[in-house]
Amino acid sequence: MRPALKEYPLDLLFARTFQVAQKLGRSTEKERAILLQSVPYVSGLLGPILSIGQPAITFLELMADYYGNLINAKKEGKKVVMTTFCFDPTIFYAFGNLVPVTLEVGTVITSILWKRGSFDFMDFCTEVGFSETGCSSQRGTMGAYLSGAGVEIDLVAVNMGGVCDTNSNAYSFAAQYLNKPFYGLDYPSELTPDEVTDYHHKDYRALIRFLEEHGQCRFDIDRLRELLEEKKIQDELTNELEEMQRLVPNPLPGIFHLLIYAARYTNSGSKKFTRMLREMVEVVRDNATNGRSGMGQTEKCRALLFYIDNFSFNVGMFDWLARHQVSHMGSMLSRFFPDNAPYRRDVSGTCFSIDTRSLDTMIDTLADINARMPMTRTIRGPYDAPNMWLEDSLSLAKIYKADCCVYNGTPGCRNTWSNVKLIARDLEKHGYPTHLVYADAFDGRVESWEATAMRMEEFFKIRGLL
Amino acid sequence: MSSILSQAARSIDLDPVRKFKEKGGTVIGYTCSFVPVEIFHAAGMLPIRLRGINTESLNIGDAYYGPFVCTFPKALLQQAGQGSFKFLDGAVISAGCDAMRRLDECWRKMSEDVPGALPPSWFYYLDVPHKPQGVALEWYQSRIRKLIQALEEKFGVHITDESLHLAISKQNKVRTALGELAELRCLEPAVVSGTEAFEALIARNVLPTDIYLEELDRLIEEVKSRAEPVSGYRKRLFITGSICDDLELVEQIEAAGAVVVGETVCYGLRNTSPLVSDTGDPVAALSAFYLSGSVCPRMFGYYPTRLVAISGRIKRTQAQGVIMQNIRFCDLHGSENGLLERDLEKLDVPTLRIEKEYGALTEKGRLRMRIDAFLEQLEKSRPPVQEAEG
């Protein structure tokens, strides 16, 4: 890795970037226009994001808070927990002295901000022995923390055992390499049986014991209740956004998906996240009332991304979809399965409910939420089993009136690349034209965004979608 | 050298298995070392660990799996699609790793296109947790009980504690004998080649136990009585890493002038922990034994346990170098080999890290060149091997 990269702490860079960017909320339109001319490298990203108004500014504030907390953690006597995007962070905030750092979020930020993405950090992982075929979503910033360019990690807690080996393996490697305590929640291949729920609950309690032991404190029950009550509000607002997406044209700007899940992965339960969701609801409601598409132009087609999005430089895929008048109907990352969501499946145990009546019900709630996070719920068992990938994708495609399905992921995803051909065939049989993107969502060296865009264009044209 | 063990290690279609079937026996295939074979033996069945050896094309495997997937499960699917597993009455797919657990779906879906590719009677998925203790161990135990129940219902058999104890006892005899063979491999000068020993280890996974035990005992006695040690080897090597039943790899290493004195790979000898308890609740004993070793990097967070076990065996075998191999896209072993490289080198154990395809799909010329170079490097003098602290 270039020595220069170690000289500038990554989290400090993120914190300062977001701290400066959030001030754009106080700028005039003219000032913003001048700014975009002055920063041609990131104007392709800033332009579309700022065009959505206040929610974008609040998002920038959220990220400034998140990375600000991270860089101040040690000074404030807090411990830093390395975790994954599909691990709901509420429990860390309930502890008060734990600050989570989510590798995948950092990787996405570098991927969309820098043309070179996080290649240097990815390659550092290989340099110190990690498999180069491992998932790029972790490697992207894991290299920073392994090399010392990120904050010092105190412990590692994840939840991908039984769901995603490459994810678990990356965090396990990081823990061993840094010689830090590790805890991994484990998941059976089924979701709904009572014995599985019991397993989730017991395992989560063991996680809490681990956090108490290595975090050297007990979590604050009142704080946990407060966070969960706030999450209830957040779920209701998110559900409203989801409900409005069923309209034709879809009034939700595609980029909202990215902002919502990134904020949820990092700031779940925070009041500012609630504020951002409220602001989004206002924007989307206004679009809906006026029959406007979230893209700002006519909707020609609706695409469900049945795995993840693509985070190429300047959010190329989000931009491509909007330019081609294709509504982005969300991805696996967008859905969390609360029991009041419009896309809930009416099968007992498939969704979670928030119960704050007692400590036990709150812990069970956290375990249930974690068991239904993106990936954790949908790709744990056989893709064609009840409540798994195929049923979820078909259900979402139907509810949101998708015209087609697009798979986008990373070559590091051993899990989905082992059955994506099967599900694609089934989606086609059910009448959904389905496109498989062979690029890497986080690493433009695998396939350039330009090549990916060309293949998307071909798919949408040949299948008569545009 | 035992011709029965050698044949068993080199072919999927085996005479003893055919004979077992002709007598009305039930043969069950399985895919991972976390499946307790004693359960099938207790039911009077023959468990056979599935292998993808001699796979020359992956046209079937590639049709169902995506491109970024290890060639081992693809080779198994290929063999299944080609009809090489027609002798199976049933199969158990378990959560070895992501690609292996998806063999469940790929095999089922492939059989919709290739009628008869699925075992006729039974196709079962076994959940295996990724940690060895507490709630995970309880869960695993409950899965083993479910597996027993499923076997009983499907095949009309009754698996009793007594039959399980008998099966455990017999498999413990196998483990004891394999331990003895492993000890013989520690001798310097070497008295048994790695190829010969590896044949015996692989054969364990596919032969009826009585035949296997007889052949293994015979081999051990014959090795003990050998007048001449293995001649002319340059260095003693140890193999770690991804699943490996690739005799050609061992033969290639030995053809380059080394002797392979031990390995921790699936199909080889991985778990040298004490025997399974043959008293008390047999399911609890089996669960504890199979899950507790943490012998595979699929058990996340247990690398230190494995390091101690592996470095201990390296020292005991007096290996002078370690070849750490992984199949491309096997991230678990690929990454663990990185940690092992760091830690073994700290213990003054020279290592060679290689990435390759599964079995016959490996490009052999490139591999041979690297093994030759490693042996040349080893011929510089090195201090004695240390052991990691437990």
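Biologist: Which residues is Leu304(A) in contact with, leaving aside its neighbours within four places in sequence?

Modeller: Met329(A), Gly330(A), Leu396(A), Ala397(A), Tyr400(A), Ala402(A) and Cys405(A). Contact means that the C-beta atoms, placed from the backbone, lie within 7 Å. This is a predicted model, where local features need pLDDT of at least 70 and side-chain atom pairs pLDDT 80 or more, while totals for chains, interfaces and linings use all residues. Residues are numbered from 1 along each chain as its sequence is written, and chains are lettered from A and ligands numbered from 1 in the order in which they are written.

Biologist: Which residues of the largest nonpolar core touch the most other members?

Modeller: Ala174(A), Leu304(A), Leu77(B) and Leu237(B), out of 283 residues. Such a core is a set of buried Ala, Val, Leu, Ile, Met, Phe, Trp, Tyr and Cys residues joined through C-beta atoms within 7 Å. Buried means 20 or more other C-beta atoms within 10 Å of the residue's own; exposed means 12 or fewer; partly exposed is in between. Helix 5 (residues 54-72) of chain A gives the most to this core, with ten residues. Helices (H or I, at least four residues) and strands (E, at least two) are DSSP runs, numbered from the N terminus.

Biologist: How many residues of each domain are in contact?

Modeller: 40 residues of domain 1 of chain B meet 41 of domain 2 of chain B. On the domain 1 side, helix 1 of chain B gives the most, with six residues. That side has 22 nonpolar, ten polar and eight charged residues. Nonpolar covers Ala, Val, Leu, Ile, Met, Phe, Trp, Tyr, Cys and Pro; charged covers Asp, Glu, Lys and Arg; the others, Gly among them, are polar.

Biologist: Why are helix 10 of chain A and helix 15 of chain B called roughly parallel?

Modeller: Their angle is about 10 degrees, with axes 10 Å apart. Under 35 degrees counts as roughly parallel, over 145 as roughly antiparallel, 65 to 115 as roughly perpendicular and the rest as oblique. The two helices are therefore roughly parallel. Axes are lines fitted to C-alpha atoms, for helices over the stretch in contact, and angles run from 0 to 180 degrees between N-to-C directions. Residues making this contact include Phe173(A) and Leu339(B).

Biologist: What makes helix 15 of chain A largely enclosed?

Modeller: Six of its eight residues are buried, so the rest of the structure largely encloses it. They are Gly316(A), Met317(A), Phe318(A), Trp320(A), Leu321(A) and Ala322(A). Their cover includes helix 13, strand 5, strand 6 and helix 20 of chain A. Gln325(A) follows helix 15 of chain A, with a positive phi near 60 degrees.

Notes: Two residues are in contact if their C-beta atoms, placed from the backbone, lie within 7 Å.
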